[in-house]
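I opened my notebook to see how the inside of this protein is put together. Here is what I looked up, entry by entry.

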Amino acid sequence: MRTTPPNPPAARRRWTRSASAAVATAALVLAGLGTAAAQANATPEATTAAKTTSSKVTWSATPCATPKKKGELACNSLRVTGGLTAFQKQQATKDGVTPKAADATSPSGYGPSNLQSAYGLTSAAASKGSGETIAIVDAYDDPNAEADLAKYRSYYGLTSCTTANGCFKKVGQTGSTTSLPAADSGWAEEISLDLDMASATCPNCSITLVEATSASMADLGTSVNEAVKLGARFVSNSYGGSESSSDTSYDSSYFNHPGVAITVSAGDSAYGAEYPAASKYVTSVGGTKLATSSTTRGWTESVWKTSTTEGTGSGCSKYDAKPSWQTDTGCTKRMISDVSAVADPATGVSVYDSYGITAGWYTFGGTSASSPIIAGVYALAGTPSSSSYPAQFPYKAAGTSALNDVTSGNNGSCSTSYFCTAGSGYDGPTGWGTPEGTGAFTG
């Protein structure tokens with residue numbers, strides 16, 4: 001289905017999988033070895049180094065980042081395997097206790113209160129979201145999804161969200177609660193990440209998990225349609241792949257849903273456009289490095305970039321038409337991204353997961369984290385008007401205090417500077433910036 005990658009390194013990571021590569025990947029995961037360094041300014045040599053110190057964060061792509069077969073899409077998540085995250089260092093400064101590196105017994109990433117603080121959502125998260133449903137679309141089944149979500153929400157003091165109380169629902173792509181896809185431990189990690197981030201930003205929201213039979217665009221797209229059919233007005237998609245000439249038909253078949261906020265992660269392979277983030281009907285979500293600061297906001301952000309082959313995606317689509325509300329002049333077609341949120345694993349988010357790995361707490365990054373975060377912000381902002389395309393909402397708030405403009409960092413080299421380099425105003429890696437409250441996500 002998709003044969004042309006956004007750039008050659010992404011092609012090797014996403015669309016080919018030799019037996020030796022599969023074995024090597026499995027060995028790395030089992031051994032707990034990271035494949036990337038944490039520093040946003042790290043050199044490619046540093047990011048591939050096998051040795052780490054006790055404080056240097058390492059991580060590896062989750063197994064679903066390597067598609068099972070040609071034509072499948074990849075998840076956009078990475079799991080920390082060693083070192084001390086930004087959250088752990090922050091806690092150590094507060095209490096003077098040196099934390100354990102990559103210790104599954106306690107959270108090592110940012111939790112709900114951190115994310116709500118960073119994005120001006122504390123008040124809204126406490127009082128809004130009731131009656132709204134966020135749909136999470138992923139491939140394959142996570143048998144422990146509800147139980148793991150319960151662990152996350154209980155630990156952080158969030159209200160219970162279960163099948164029994166009507167808050168949580170898990171279905172296959174046809175809407176069945178009993179006919180579910182085959183279980184997959186890699187996609188289970190992705191599912192836990194997505195469910196937890198939706199909960200972190202909109203704890204009063206209901207959640208519907210729609211599990212596609214496979215990671216093909218047809219199955220995932222069918223799942224998007226099912227999510228909307230079931231009543232979700234906020235649909236998060238944390239997957240992607242290289243663009244193709246079929247994308248415009250996928251747009252009309254799966255993503256053209258007026259009145260529904262559909263968020264899609266921009267990709268983790270650094271500069272280069274991916275689909276479905278390139279769809280003109282979705283909000284494409286880039287990734288940032290998030291850290292505390294002495295500013296009035298208390299936080300600071302820059303473009304997430306690990307190396308020339310790892311970081312937030314961005315770029316000018318080859319196929320998708322430019323939506324009317326997007327007015328940058330360097331790209332004649334659809335430009336990625338629209339907005340952004342935290343994605344750097346070194347400044348990553350806390351997730352509880354138990355299927356296929358040691359049950360416990362893990363820190364995740366990747367634009368798989370930023371997509372459900374933004375879906376949650378849309379949900380806090382309220383149901384979109386029936387004929388609207390919510391991707392345009394942030395453009396109406398461009399340049400206002402409703403968005404944190406990210407002005408530093410890049411995700412690679414490009415001939416048109418803003419395609420890959422942050423600056424004042426709009427840029428590809430971070431769009432118009434990150435949320436500061438819900439004002440930029442309503443309409």
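I began with rings: Tyr 152, Tyr 155, Tyr 156, Tyr 352 and Trp 361 form one aromatic cluster. Rings of Phe, Tyr and Trp (its six-membered ring) pair if their centres lie within 6.5 Å; planes under 30 degrees apart count as stacked, over 60 as edge-to-face and the rest as tilted.

A note on my source: this is a predicted model, where local features need pLDDT of at least 70, side-chain atom pairs count only at pLDDT 80 or more, and totals for chains, interfaces and linings use all residues. Residues are numbered from 1 along each chain as its sequence is written, and side-chain values use heavy atoms, with hydrogens and water left out.

How many aromatic pairs does the structure hold? I found 21. One of them, Phe 87 with Tyr 110, is edge-to-face, at 6.4 Å centre to centre and 80° between the planes. Phe 87 is in helix H4 (residues 86-95) and Tyr 110 in the loop between H4 and helix H5 (112-118), 23 residues apart. Helices (H or I, at least four residues) and strands (E, at least two) are DSSP runs, numbered from the N terminus.

Next I checked burial, where buried means under 20% relative accessible area, exposed over 50%, and partly exposed in between (1.4 Å probe, protein chains only). Phe 87 counts as buried at 15%, and Tyr 110 is buried at 1%. Phe 255 and Tyr 275 make another edge-to-face pair, because their ring centres are 6.1 Å apart and their planes at 80°.

Then I looked for nonpolar cores: sets of buried Ala, Val, Leu, Ile, Met, Phe, Trp, Tyr and Cys residues joined through side-chain atoms within 4.5 Å. The largest has 103 residues, and Val 235 and Phe 255 have the most contacts inside it. Helix H11 (residues 367-381) gives the largest share, nine residues. Apart from this core lies another, of seven residues, including Val 57 and Trp 304.

Which residues of H9 meet H10? Among them I noted Met 217, Gly 221 and Val 224, in contact (heavy atoms within 4.5 Å) with H10 residues including Tyr 250 and Phe 255.

My last entry is Arg 334, in strand S15 (residues 333-336). Is Arg 334 buried or exposed? I read a relative accessible area of 1%, so Arg 334 is buried. I also looked for polar contacts (pairs of N or O atoms within 3.5 Å; within protein, one must be able to donate a hydrogen and the other to accept it, and residues adjacent in sequence count only if both atoms are side-chain atoms). The Arg 334 side chain reaches the backbone oxygen of Ser 279 at 3.2 Å and that of Val 282 at 2.7 Å.
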